[in-house]
Amino acid sequence: MVNFSLEGKVALVTGAAYGIGLAIAQALAEAGAKIVYNCSRQSTLDRGAEAYKQLGIDAKGYLCDVTDEADVKKMVADIEATVGTIDILVNNAGIIKRIPMEEMEAEDFRRVIDVDLIGPFICAKAVIPGMKKKGAGKIINICSMMSELGRETVSAYAAAKGGLKMLTRNIASEYGEFNIQCNGIGPGYIATEQTAPLRERQADGSRHPFDSFIIAKTPAARWGTPDDLKGPAVFLASEASDFVNGHVLYVDGGILAYIGKQPK
Ligand code: NAP
Ligand code: GCO
């Protein structure tokens, strides 16, 4: 029988106090994993603690900015000492800054690259030694439509997520021989706090133009929800995907396959 169970596994999901990270953590917990998560603000950590309590999940939270290598190393060492070797890393923590490139300060561009690309590098680098020692590991990087496509105002985010696709392939290449699989999940447009500005109702109650645009660009004719990512995450975290490596699994309702609905 195909093994989707995560019983006995330890999963670190970064940025998992709410949104996509929380949904993925919930799915991994339901498959049997012990959940550890982090975020960079105390208020978010408190929010996450309440969320996991409501879900009946015994998750351990850390205040840790994924761009701070010393902090990440300290967090991983504490997890390994108090919970166990990290079997599954989901690099979910991420930010976006929607600014026309010519108006974007270099420091803003750098911050997005720092969180969305350097952060996953730092976290993967921290967990790989333990995975090598254990003889197995799963790294899942949360990529994006912007790993494949560009659009106005998201130059830094697209550069980061495009880089994250190639970092995924490189980790797969460099560590496959140690039975470590590194894959990506590329969500389409998902209804979370990060995309809330793109879905805000207009003053007259009509849909935000971008909302209508995405629905026309999505064969499923809807925004995704964090729940849509649960199954793909469990698959890539489990033994069922042991021969899948360096792949980005797009969970986008078909956006990347579709030219878009002809306007009426
Ligand atoms: P979100 O609602 O904005 O949540 C982001 C999470 O990351 C928060 O918990 C945040 O907590 C944490 N975070 C941000 N910076 C951090 C840092 N430096 N260190 C540690 N944690 C940090 O985002 P989301 O929509 O759930 O998206 C989650 C991931 O999916 C992101 O990588 C995003 O790029 C990607 N994604 C989203 C969509 C979408 O349509 N929503 C689609 C494709 C990909 P703190 O602020 O407290 O740190
Ligand atoms: C945007 C959105 C997207 C989504 C996601 C799509 O402004 O275009 O925020 O980037 O977050 O990455 O896959």
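Author: Rolling a probe the size of a water molecule over the atoms shows where empty space is left. In this predicted model, the largest pocket has a volume of about 930 Å³. Its lining comprises 40 residues, and those closest to the centre are N92, A93, G94, I95 and Q194.

Reader: Which helices and strands each supply at least two residues of the lining of the largest pocket?

Author: They are α1, β2, α4 (106-134) and α5 (155-175). The largest share, three residues, comes from α1.

Reader: How do the residues of the lining divide into nonpolar, polar and charged?

Author: The lining of the largest pocket holds 20 nonpolar, 13 polar and seven charged residues.

Reader: Let us turn to helix α2. Which residues of α2 are buried?

Author: The general idea comes first. An α-helix has 3.6 residues a turn, so residues three or four places apart point the same way. In α2, the buried residues are T44, L45, G48, A51 and Y52. They lie on the same side of α2, because they cover an arc of only 120 degrees around the axis.

Reader: What do the buried residues of α2 pack against, and which exposed residues does the opposite face carry?

Author: The buried residues pack against α1 (19-30), β2 (34-39) and β3 (60-63). The face turned away from the buried side of α2 carries K53 and Q54, which are exposed.

Reader: How far apart are the end C-alpha atoms of α2?

Author: They are 20 Å apart, which agrees with the 20 Å that the 14 residues of α2 (residues 42-55) should span at 1.5 Å a residue. Just after α2, G56 takes a positive phi of about 70 degrees.

Key. Residues numbered from 1 in each chain as written. Chains lettered and ligands numbered in written order. Predicted model: local features only at pLDDT ≥ 70, side-chain atom pairs only at ≥ 80, totals over all residues. Heavy atoms only, no water. Helix = DSSP H or I, 4+ residues; strand = E, 2+ residues; numbered from the N terminus. Expected span 1.5 Å × (residues − 1). Buried < 20%, exposed > 50% of the residue type's maximum accessible area, 1.4 Å probe, protein only. Arc of directions from axis to C-beta. Contact = heavy atoms within 4.5 Å. 1 Å grid on protein atoms, 1.4 Å probe; cavity = no way out; pocket = protein on both sides within 12 Å on 5 of 7 lines; lining within 4 Å. Points joined across faces, edges and corners; volume = space filled by probe spheres on them. Nonpolar A, V, L, I, M, F, W, Y, C, P; charged D, E, K, R; others polar.
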